[in-house]
Amino acid sequence: MTRMTRDFGDTMKKDAVPAVSADVIFASLRFPNYKIGVNNQIMETKGDPKVLSMKEVVARETAQLLEQQKRMSVRDLASKFEKGLAAAAKLSEEARLREAASLEKHVLLKKLRDALQSLKGRVAGRNKEDVAEAIAMVEALAVQLTQREGELIQEKVEVKKLTNFLKQASEDAKKLVNEERAFARFEIENARAAVQRVEEALQEHERMSEASGKQDLDQLMKEVQEARRIKMLHQPSKVMDMEHELRALRAQLAEKSRLYLRLQKELSRTKEGEENVPHLYELEGAETLGSYLQIQPCSDNAPELSKCSIQWYRIATEGAKKELISGATKSVYAPEPFDVGRVLQVDILSKGQEITLSTTGPIDPAAGLGTYVEALVRKHDTEFNVVVTQTGSDHPTESIHVLHVGKMRMKLCKGKTTITKEYYSSSMQLCGVRGGGNAAAQAVFWQPKQGRSFVLAFESERERNAAIMLARRFAFDCNIILAGPDHKAPLET
C-alpha cells in the first residue's frame, strides 16, 4: 500500500496569493497570534473586536486551503483496498478449484477400490495377496487425501475471513472518499470566494500606498509557512491505524506462505512414497532473490557437513540440463540474478552416499527490483557504498569504499583515491559470493582483471542485486557477458 503523508510542500504556490505592487500599505504591522484549539486546529487569539487586517485574511484562507488539500488524499486508500479485495477473491477461487479436484480424487479412489474388491473375489493364490495389498494402499491414500482436505478447508476459512475483512474495508474507504469528495467540493467553492475576497482587498490596498508592501509580504509568507509547519506537527494522520493493520495482514500472509511451502514439501515426499525413508538434510530459507538457502541436518544420523563434499547446481525449468555453479561448495548459497526462474539443486556426498536436495520451484525475483534497476539505468554513473572484506592485493580490508557502476567501466574508490578502474572486458568477472554464511546475500565477487579480485559487501541485499544487474546490463551493451568464474551466460541475460 502506498504510504500517505501529510507533506504539503516547502513553499506556498505562487498563484495562491496574487502579486502585490510596491505601493501597498497594510493597516497593521502586527501578525495575529495563533494557538492550538480543538481537534488540533490553528486558531487566532481573539483580541479587541475590529476589522480583520490583510495579514489575518491571508493566513486564515491559506490554512483553509491546506486543510482542503489534505482531505483529498484518501481516494488512493480506496484503490488499494480494491486491489486487496481482488487478490483475496483470486485466492478464494483457487481454494474452490482445489476442493473440486479433491472431490474428483475421492470418486476415483472409491471406483478403484470397488474394482479391486471385485477382482479380489475372482483371483486366488499370490494374485489375491497382491490385490489385497493394493486395496490397503488405496485405503491409506484415501486417508491421506482426507487429511489434506481438512487442511484445504481450514485454508478456505482463512481466505474467506480475509475476503470479508477486505470487502468491508473497501466499502468503508469508498464511503469515506464520497464524504470527503462532497466536503471538498463545498470547500472549493468557499476557497474560490475567499480568493476573490483576498484579491479585492489586495487591489484596494494597492491603491493606497507604495511604502513597505514587499517586505511585509515576505514576512507574511514566512509566518504562514511557520503556522503550516506547526499545524503539520500537531495534525495526526487519519490512515495511520489502517496502515498498521495492513502491515499486520502482510505479516500473516507471509507466515501462511511459509507454512504452505512446508506443507507442499511434505506432500511431495508423500506422493513419491518416501514417507518411510529417513531424511538426513533439508533446505531452509526463502526461495527468492535477496535471501539465502542453507543445508540443515534433520536427523541425528546425518554426517557433519564439514566432512561432506557439497556442490550446487542450477537447472532450467524448460529442461533437465544441470549447470554447475563454480565455487558453490558451501552449505550456504545466496541466489543471484542468474538464478531467477531456475531451480537450484545441491548434491551432498559423504562416505560414498550421495544425497540430492532441490528447491520446490524456480527462484522468484525480488519485488520492485526490476523497477529500481530501470531507474538506475537512466543514470550515467551509479554509486554504491561497499566494504572490502577480502582482496587479492595488499590493500587493507574491512574499510568503506564507493563502487561506481558506469555505462563503460567500473571503478572502486576510497575518498578521492581510485583503487582500481577497468573498462568492461572479457577478463572481468562479477557474481554473487558463493558461500560466506548469512552475509552472502549482500556480498559479490568482482575481478576487474586477471590477477586482481575483491569481495565487496553492500549495505543491503537489494543494493547488491541491483549492482550486479546494472553492471551486466551495461556490459551487455558493450557486447560483453559479465558473469562468474567458468560460467557461460545466455545472451538474453
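I count two strands as paired if DSSP finds at least two bridges between them, and I take helices (H or I, at least four residues) and strands (E, at least two) as DSSP runs, numbered from the N terminus. I keep in mind that this is a predicted model, in which local features need pLDDT of at least 70 and side-chain atom pairs count only at pLDDT 80 or more, while totals for chains, interfaces and linings use all residues. Residues are numbered from 1 along each chain as its sequence is written, and side-chain values use heavy atoms, with hydrogens and water left out.

Entry on hairpins. I looked up Lys411 and found that its bridge partner in β13 is Lys421. The strands β12 and β13 (residues 417-423) run antiparallel and are joined by six bridges. They form a hairpin with two residues between them, and Gly415 in the turn has a positive phi of about 65°. On β11 I noted Val402, whose bridge partner in β12 is Cys413; β11 and β12 pair in the antiparallel sense over four bridges and also form a hairpin, with two residues between them.

Entry on the open sheet. Four strands lie in the order β6-β5-β8-β9, with antiparallel pairing. Because β6 (322-324) and β9 (353-358) stand at the edges with a single partner strand each, one side of each is left without a neighbour in the sheet. The twist averages 30° from one strand to the next (axes are lines fitted to C-alpha atoms, for helices over the stretch in contact, and angles run from 0 to 180 degrees between N-to-C directions). Six bridges pair β8 with β9 in the antiparallel sense, and Ile348 stands opposite Ile355 in β9.

Entry on the cores. I use "nonpolar core" for a set of buried Ala, Val, Leu, Ile, Met, Phe, Trp, Tyr and Cys residues joined through side-chain atoms within 4.5 Å, and "buried" for under 20% relative accessible area, with exposed over 50% and partly exposed in between (1.4 Å probe, protein chains only). The largest such core has 30 residues, and Leu403 and Trp446 are among those with the most contacts inside it. The elements that each supply at least two of its residues include α6 (369-377), β10 (381-391) and α7, and α7 gives the most, with seven residues. Apart from this core lies another, of 19 residues, among them Tyr333 and Ile348. With contact meaning heavy atoms within 4.5 Å, Leu403 touches residues including Phe384, Leu412, Trp446 and Phe458, not counting residues up to four places away in sequence.

Entry on salt bridges. I counted a salt bridge where a side-chain nitrogen of Lys or Arg lies within 4 Å of a carboxyl oxygen of Asp or Glu, and the structure holds nine of them. Asp339 lies in the loop between β7 (332-333) and β8 (342-350) and Arg314 in strand β5 (residues 309-316), so the pair ties together parts that are 25 residues apart in sequence. Arg314 is buried at 1% and Asp339 at 0%, whereas Glu323, at 25%, is partly exposed.
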